[in-house]
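Subject: Structure handover

Hello,

The structure is below, followed by notes on what was found in it. Please read the two together.

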Amino acid sequence: MAGVQVSSLSRSFGAHKALDDVSIDFADGGFYALLGPSGSGKTTLLRQIAGFDFPDSGRIAIGGESVERVPVEKRRIGMVFQNYALFPNMSVADNVAFGLSVRGEAKATIASEVQRALDLVQLGKLGSRRPHQLSGGQRQRVALARAIVTKPRVLLLDEPLGALDKALRVDMQIELKRIQREIGITTIFVTHDQEEALTMSDRIGILRDGRLVQEGSPEEIYDSPKSEFAATFLGDANIFRGETTGTGIRLPDGTAIAAGAGATLAAGAKASCAVRPERIRIAADSGMSDPNANILRGQVSKRIFAGNNSTYFVERDRQTLKVIVQNTGADRLAEGQDVVLRWSPESTVLIATS
Amino acid sequence: MAGQVATGSRSGLRSALPLLLPAYLWLTVAIFLPLSAMVFFSFMTELPLAGKVWAFTLDNYTTFFSQGLYWRLLLASLRLGLEVTLWCVVIGYPAAYVLAKVLKGRSREAIFLLVILPFWSNGLVRIFSWAMVLREGGILDTALNAVLPFKINIDLMYSYPAVIIGLVHSYVPYMVLTCYLTLQAIDDSLIEAGRSLGASRLQMLKRVIIPLSMPGLVAGAALIFVPVVGSFMEPRILGGRTGTFYGTVIEDQFVAVFNWPLGAALSFILLAVVLVILALASPVLKRAA
Ligand SMILES: Nc1ncnc2c1ncn2[C@@H]1O[C@H](COP(=O)(O)OP(=O)(O)OP(=O)(O)O)[C@@H](O)[C@H]1O
Ligand SMILES: [Mg+2]
C-alpha cells in the first residue's frame, strides 16, 4: 500500500491541454474522488497514474518511488474499467486468477487467493461462470476482485459504476466502500456524479479544463468553495455578484450581503457570494429578525414538492434564487406570494471573481 | 405465449421466402445443376459427346485407389495446403494485428489498401509477375547481385518454393482480413486491463489476444486451405516440372486429356477428403475458439 504524489503534471494532445500543471497528494489508504465535467481530464490523469499514457512534464510517485518511466505492468496498480473489461474467453475464477498466474504464483496459492477475493466481493459461488453469464453488478464485482487480488499499491477506478442503474449503483457504492476499508487500499475514483463523490470519498479533487480547481474533504469543498465553479458543481448554490466591501458584497441595487466565510478581499474588487439553498429560511414576513442576518425580499415563482422537502424558486431583481425547506408540516407558501429570505453571514461564502 | 412465438417465427420464415428465392434460384442454376452433372459424369465411361457409346462404371473411383500416383499427389497437395496456410498465418496474423491494434487513421487505410491489392489484380498477371521476379536473371537475382559483393545465383523459378511464394501471395489477404475483423473486435481496455495486472505483451498475446482471435484464424485457414489443395494455376506456372499436384492433374483431365469422368471423380474425392479433414478438425478448433 502506498500514497500517490502527482506534481505539476501536464499532458497535451496536439494543442489541447488535457492536463495543465496538476498537483495532488493522494494519501496512503485514502479514498479520493476525482470529479469534473466531461472532458475535464479525469481519465487522462488516471491513465498517467496507471501508466497507460505518459505525461509531457511533471512527476508521479507511488509510495515515494518515482514512476514516470515505469511501464504499466511494473507499477503494481489495480485498475477497474467502466466497461468491466473482463476476459470473455476465461471463467470468472480465471479472470481473477490472471494477475497471479502471469506472475507465476503456485497453483495452490492462486486458488486460495482467488477464492478469498471472490468471497470478499460476495461471488464465492460463481467462479466457474463465464463473464457473459453475469449481471452488470456481478461483472463489476469480478472486475474489482481481479484488480485487488494481486495486492496492488493503488486501486484506480474510472467511473466504475457508470453503467449501472441507480439502485444497483447505491448498493455497489456501499460495497466498494466496505471493501476499500477492509483492505485499506489507496483508492482513486473517477466520477462525474457529485453525490457519489460526496458520500464515498475522504477527499475530492475537482478538475476543470485540465486544471485542479479545488481539493479537500467533501465538507471543506461544500462549505467553503473557492470558486463559483466549485460552488455550483459540487452541490447547488445561489450566487450573488457585486463589489466587495471586505466582509461581504454590495449588489448592484445597493443591498449589502455579509459573508462570514471564504476569502478576505480588498474592498472595491468584483466578487461573489455563494449560499447553499438549504441554508436560507423563507417566510411570508420578516418576523423576529436576527439583526446580523442577510435579508432579501422576493416573490415565489414556483414551488416543487418532493416529499421530505420543498424547493422554492424566488424571483428578485432579475435573479432566481433557490431555497430548499424541510417539510415540517408548517405553513406552506403559495406561488406568487411575496416572501422574505433570511440567512446568516456564516452560511455565506465570499469568493474572489477571477 | 410460446405458441405465439413459434407461429411468429414461422410466419417470419414465410415472409422471408421471397427474399431468399433469388439466391436459391441462382444457386440451383449456377452450382447445383452443373455439380449434379459432374456427379453423373464421374460414374460414366465416356463423355456422351459426338455419339460416343457410354455406360455406368465405378472405374473412375477405383483408379484413384488402385494407383499410388493419385494418393501421392493428393498427399503432396494436402501438404502444400498446410504449408501455405501456415505461412499465411505467420505473415497475415502479425499484419492484421498491426492494422487492427497499432495503426490508426490514415496510415491504417493506406496499409489496408496495400494488403488487399492482390485481390484486385488479375490472378494470371500476379503469377507472371512473380515469374519475372523469381527466374534466373530476373528481378530478384539482378537486384541481389547488384547489392551483394559476391556472385549468387537465384533461380527459384520452377521450384516448390516458387509455388509456395505465389500461393501465399494470392491467399494471404484472406488471413489478414479475417484476423483483422476478430482482432478489431477485441476491446483495447482488455489489453490495458491485462497489462495493469502485470502481464507482458507476450503473455497478453498468448493468454488473451490469440484465443480471442481464434475464430478469425480458423475462418482464414479454412478459406485458404481448401482452395490451395485444389489449386492448379500457381503450381503449373511457377512450379513447372515440380509443379505437378492433385489440382493440376484434375485440370489436365478437363483441358488436356479430355477425360472428364476421371477429372470429375478425382474432384469429388478431393471434396470428400477436405470435408472429412474439416469435420475431424472442427471439434478441436471449436474448443480452441
Ligand atoms: N488520446 C487522445 N487524443 C486526443 N485527445 C484526447 C485523448 N484523450 C483525451 N483527449 C482529450 O483530452 C481531454 C480530457 O479527456 P478525458 O478523457 O481525460 O476527460 P474526462 O474528464 O475523463 O471526461 P469524461 O467524463 O467524458 O470521461 C478531452 O478534451 C479529450 O478530448
Ligand atoms: Mg473519462
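Between chain A and chain B there are 8 residue pairs in polar contact, both residues at pLDDT 80 or more (N or O atoms within 3.5 Å; within protein, one able to donate a hydrogen and the other to accept it, and residues adjacent in sequence counted only if both atoms are side-chain atoms). On the side of chain A that touches chain B, the elements giving two or more residues are β6 (77-80), α2 (92-101) and α4 (136-148) (DSSP runs numbered from the N terminus: helices H or I of at least four residues, strands E of at least two). The largest share, 3 residues, comes from α2(A).

This is a predicted model: local features need pLDDT of at least 70, side-chain atom pairs count only at pLDDT 80 or more, and totals for chains, interfaces and linings use all residues. Residues are numbered from 1 along each chain as its sequence is written, chains are lettered from A and ligands numbered from 1 in the order written, and side-chain values use heavy atoms, without hydrogens and water.

The rule finds 2 salt bridges across the interface (a side-chain nitrogen of Lys or Arg within 4 Å of a carboxyl oxygen of Asp or Glu). R47(A) forms a salt bridge with E192(B), with the closest N and O atoms 2.7 Å apart.

The contact (heavy atoms within 4.5 Å) involves 23 residues of chain A and 17 residues of chain B. Of the area that chain A buries against chain B, 31% is supplied by E73(A), F98(A) and V102(A), more than by any other three residues (accessible area, 1.4 Å probe, that two parts lose on being put together, summed over both).

Regards
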